Amino acid sequence: MKRYLCSVIIGMVVILSIGTYYVKVASSASSLPKYTFKTLEGSDKELDPVIINATLQKGSNFYESLTIESNTTTYVSERSYLENLTGRQDHLIERLVKEHRSFMRGKDSISSLYEDDDFLAYAWVNSNITNNGKMEAKFDIGLLEKKDEEETSFQIELPNQGRNMNIDVRDVQLVHSKLQVLTMNDVNSNNEKQTKEVHLYTIDVANKKVLSDKTLVSETFTDPNRVDFEMPIDVAPSQPNNMVLISLIKGVNHEDGFKEKLKESKLLSYNYETEKLETVKKGSLSLDMARSGYADGKNLYAVEMKSGKYRIKTFDLSSRTLTSDTELDIAANKEEQYTAAFKNGRVYFLLNGMNQDGFLTNKPAKLLIADIKTGKTFYKGETVINKKNSKGFELYFDALEIK
């Protein structure tokens, strides 16, 4: 009987504690300013698919994450315990978790996922460094057949794992029933030499084995020389893509910063279907545009500032030709930071109210939604704040997503 009473009392204390916590949280969140976009042109229905992740700051002691979704502000303290337990997730990850909860358990890297109408695939590298300084690494592989929800999952040792220091999965594709995993590897080198490589692993899921480990690019250098590989921002992660772009950046580290060797840097393309790695000729695509651009496997979208306006250049990756050069109806300022997203033939362009050094400009953030090909404006707006309790707060934008 005493044990039963203790259990009841403990249960009541827990319930009261949780209730008190949520009352305090609700009270705290209600005192924070709300941010929305004031419509200057077009329909505010265009904001329905827009998700903006941001951070609110006041002085040096207060920080809180928030999301502006469908033009409504939600603070992290307003979310449920379970939502906060998983943390802020990409909206694509959230969708996949809702649709395929069992398969998605423990999978939170969008670059490690592939999805088409029939399959959902996953590839990740689990690794650790042993006492002798060598890497031990295995692939975590998963494949879901959507029609019958049949799952295949297994671990398999990474080939030549001992020569690697770090492996980063950058793209996963399913080509002719074989999983293609593109990685960027930091390689163990002797003495002062450093080596970076781009690898393509071909995995036979049915027989649970690695068929090949293909080194697409390998560069060895010594300090102060440096080599980096970069890729355009993938605006359609996890979707089937035939081609990827890789920027090979060579340079030298100086006391005043990194100086790029323009004549030695180059842009590469790899086609999963033809298995061809090619150097993109100058004049087709510029290296700078690829590095700062946005790709969806078919097109590369590059933002350019010209004559006081932002322009969106669209390059067809297969033909390597410029298919459109569109002017956006928004004033350009080279000192302001911007973020762009591309979906369904539209560009979502956010001037986030910060300068290139990351400091606020005291200007409202501006959002433009326009047709990529014609530049026609569907929506134009700027942030407004609940001024009643906004004094001293600063809003920093982190990411722009489109559902």
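Analyst: Let's start with the sheet, then move on to the core, the ring pairs and a loop.

Please keep in mind that this is a predicted model. The mean pLDDT of the protein chain is 86, and 89% of its residues reach 70 or more. Confidence is lowest in helix 1 (residues 2-30), with a mean of 48, and highest in strand 5 (residues 113-115), at 97. Residues 13-27 have a pLDDT below 50, and this stretch has 5 contacts in the model beyond near neighbours in sequence. Where pLDDT is low, the predicted coordinates should not be read in detail.

Next comes the packing of side chains. The largest nonpolar core has 24 residues, and those touching the most other members are Val50, Ile52, Leu56, Leu350, Phe397 and Leu400. Several strands of our sheet contribute: strand 1, strand 24 (346-355), strand 25 and strand 26 are among the elements that give two or more residues to this core. Strand 2 (50-58), strand 3 (62-69) and strand 27 (393-402) are also on that list. Strand 27 gives the most, with 5 residues.

Leaving out residues up to four places away in sequence, its contacts include Leu32, Tyr35, Phe62, Leu66, Tyr75, Phe393 and Leu395. Apart from this core lies another one, of 21 residues, which has Ala123, Leu143, Val172 and Ile203 among its members.

In the whole structure, a search finds 8 aromatic pairs. One of the residues in such a pair is Phe342 in strand 23, which links to Tyr294 in strand 19 (residues 294-295), 48 residues apart. Their ring centres are 5.3 Å apart with 50° between the planes, a tilted pair. Are these two residues buried or exposed? Tyr294 counts as buried at 7% relative accessibility, and Phe342 is buried too, with a relative accessible area of 7%. Ring pairs also bring in Tyr301, giving a cluster of Tyr294, Tyr301 and Phe342.

Finally, look at the loop between strand 22 (321-331) and strand 23, where you will find Asn333. Asn333 is partly exposed, because its relative accessible area is 24%. Setting aside neighbours within four places in sequence, Asn333 is in contact with Met305, Tyr310 and Lys363. Asn333 and Leu351 are 18 residues apart in sequence, and their C-alpha atoms are 9.4 Å apart in space.

Terms used:
Residues are numbered from 1 along each chain as its sequence is written. This is a predicted model: local features need pLDDT of at least 70, side-chain atom pairs count only at pLDDT 80 or more; totals for chains, interfaces and linings use all residues. Side-chain values use heavy atoms; hydrogens and water are left out. A nonpolar core is a set of buried Ala, Val, Leu, Ile, Met, Phe, Trp, Tyr and Cys residues joined through side-chain atoms within 4.5 Å. Buried means under 20% relative accessible area, exposed over 50%, partly exposed in between (1.4 Å probe, protein chains only). Helices (H or I, at least four residues) and strands (E, at least two) are DSSP runs, numbered from the N terminus. Contact means heavy atoms within 4.5 Å. pLDDT is the predictor's confidence in each residue, from 0 to 100. Rings of Phe, Tyr and Trp (its six-membered ring) pair if their centres lie within 6.5 Å; planes under 30 degrees apart count as stacked, over 60 as edge-to-face and the rest as tilted.
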